[in-house]
Amino acid sequence: MTVNATTTSMASLYDSADLTSLSWLEQRWVAWYLYFDDPVLATGLMTFLVHEIVYFGRCIPWIIVDAIPYFRRWKLQASKVPTPQEQWECCKQVLISHFLVELPVIWFFHPMAEMFGMSTYQLTFPALPQMALQLLFFFVFEDMFHYFAHQALHYGPLYKHIHKLHHKYSAPFGLAAEYAHPAEVAILGMGTISGPLLYCYLTGDLHIITIYTWISLRLFQAIDAHSGYDFPWSLQHIVPFWSGADHHDFHHMAFTNNFSTSFRWWDRLFGTDDKYRAYKKRVAAMKNATKEQRAQMEKVLLAEVEADGLRAEAEVVRNAEKVKTT
């Protein structure tokens with residue numbers, strides 16, 4: 001179905017479709033577009049709702065986990081548990097970014113998607129193997145984009161005026177995944193949206209249902225990476241090159257290492273995980289110590305790493321001031 005939905009009613013676009021042969025989800029998809037009878041409104045609203053429901057839906061379990069002392073044994077920085085006030089302040093900043101930055105972009109996503117040949121209201125949905133390959137491409141592309149853009153945001157003026165807000169929490173938590181300056185949300189968000197648009201431009205074969213799946217998985221990844229918890233069943237213990245909370249928590253604590261999002265290979269390739277790997281070796285060397293000794297040594301080690309990170313951050317800010325004065 002390739003008819004331009006802006007020149008005719010939505011109902012007429014589905015006249016030739018055998019709705020009884022559709023899956024339950026496809027039938028709901030048709031019903032959604034028929035209800036609004038406006039593809040721009042229907043796509044914009046659905047995209048925003050998907051983002052908000054997935055984001056806050058995934059954050060709520062982590063808020064509950066933070067409130068239960070039992071889970072402290074798996075918290076990477078156990079002495080730093082976000083307070084309800086911190087959670088609320090974080091939530092307000094996230095909502096500001098969602099409505100002022102992400103909503104306008106989302107609302108104009110339908111015409112942009114159609115310009116690149118993306119299917120929105122059309123039937124039928126892509127097969128799962130096809131979606132899996134597309135999602136793999138999106139993950140790899142976004143991880144590459146994020147690595148270099150994130151490093152750039154640690155450059156003096158960009159850090160001081162933009163990225164510093166995201167580093168407010170040296171021990172991140174789920175809600176803080178999108179706690180960032182609106183400019184940072186826009187910059188890093190380009191990595192999330194550019195992969196699908198590039199794929200669609202090159203192949204002309206992409207359905208927005210794949211984008212919704214991608215957005216959901218990307219949000220899960222970002223929120224889990226900021227959760228501050230490393231469980232034995234966490235994905236990084238199953239997929240060796242996956243980043244996860246253990247990898248990204250160190251970035252917030254030490255400031256300088258681990259710039260990637262989903263995978264570890266860019267940091268390993270460019271050596272931007274050297275401090276992280278040295279830290280992990282020192283932690284591993286404590287395995288024969290008693291529980292009390294281990295807790296004390298980890299406390300000292302965490303303090304050392306965080307102190308180094310604070311010095312590094314202060315140096316970046318000082319360099320930003322030098323750039324300003326010159």
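## Annotated domain

For "domain: Fatty acid hydroxylase", an unreviewed UniProt entry lists residues 136-272. In this predicted model, the end C-alpha atoms of residues 136-272 lie 24 Å apart. The span is 58% helix and 0% strand.

Helix α3 has 28 residues and reaches 40 Å from its first C-alpha to its last, close to the 40 Å expected at 1.5 Å a residue. At the start of α3, the backbone nitrogen of Val-40 has a side-chain oxygen of Asp-38 within 3.1 Å.

The loop between α3 and α4 contains Thr-83. Thr-83 and Ile-63 are 20 residues apart along the chain, and their C-alpha atoms are separated by 9.8 Å.

Helix α4 comprises 24 residues, 84-107, and should span 34 Å at 1.5 Å a residue; its end C-alpha atoms are 32 Å apart, which agrees. A bend of about 35 degrees occurs in α4 at His-98. An α-helix has 3.6 residues a turn, so residues three or four places apart point the same way.

## Nonpolar cores

The largest nonpolar core has 53 residues, and those with the most contacts inside it are Tyr-55 and Met-118. Two or more residues are given to this core by each of α1 (10-13), α2 (24-36), α3, α4, α5, α6 (128-152), α8 and α9. Another core, of 6 residues, lies apart from it; among its members are Met-253, Tyr-276, Tyr-279 and Val-283.

Beyond residues up to four places away in sequence, Met-118 touches Phe-109, Ala-113, Leu-197, Cys-200, Leu-206, His-207, Ile-208 and Ile-211.

Ile-209 is placed in helix α9 and, at 12% relative accessibility, counts as buried because the value is under 20%. Ile-209 and Trp-29 are 180 residues apart in sequence, but 9.6 Å apart in space, C-alpha to C-alpha. Leaving aside neighbours within four places in sequence, Ile-209 is in contact with Trp-29, and also with Leu-25, Phe-125, Pro-126 and Met-131.

Gln-221 lies in helix α9 as well, which covers residues 208-225. Gln-221 is buried, with a relative accessible area of 6%. The side chain of Gln-221 makes a polar contact with the side chain of Arg-218, at 2.4 Å. Not counting residues up to four places away in sequence, Gln-221 touches Trp-242, Thr-261 and Ser-262.

Ser-234 is found in the loop between α9 and α10 (244-254). Although located in a loop, Ser-234 counts as buried at 11% relative accessibility. A polar atom of the Ser-234 side chain lies 2.9 Å from the backbone nitrogen of Phe-231. The C-alpha atoms of Ser-234 and Asp-224 are separated by 9.2 Å, with the two residues 10 apart along the chain.

Terms used
Residues are numbered from 1 along each chain as its sequence is written. This is a predicted model: local features need pLDDT of at least 70, side-chain atom pairs count only at pLDDT 80 or more; totals for chains, interfaces and linings use all residues. Side-chain values use heavy atoms; hydrogens and water are left out. Helices (H or I, at least four residues) and strands (E, at least two) are DSSP runs, numbered from the N terminus. The expected span of a helix is 1.5 Å times one less than its number of residues. The bend at a residue is the angle between axes fitted to the seven residues ending there and the seven starting there. Buried means under 20% relative accessible area, exposed over 50%, partly exposed in between (1.4 Å probe, protein chains only). A polar contact is a pair of N or O atoms within 3.5 Å; within protein, one must be able to donate a hydrogen and the other to accept it, and residues adjacent in sequence count only if both atoms are side-chain atoms. Contact means heavy atoms within 4.5 Å. UniProt positions are given in the numbering used here, feature names are shortened, and annotations may be inferred rather than shown by experiment. A nonpolar core is a set of buried Ala, Val, Leu, Ile, Met, Phe, Trp, Tyr and Cys residues joined through side-chain atoms within 4.5 Å.
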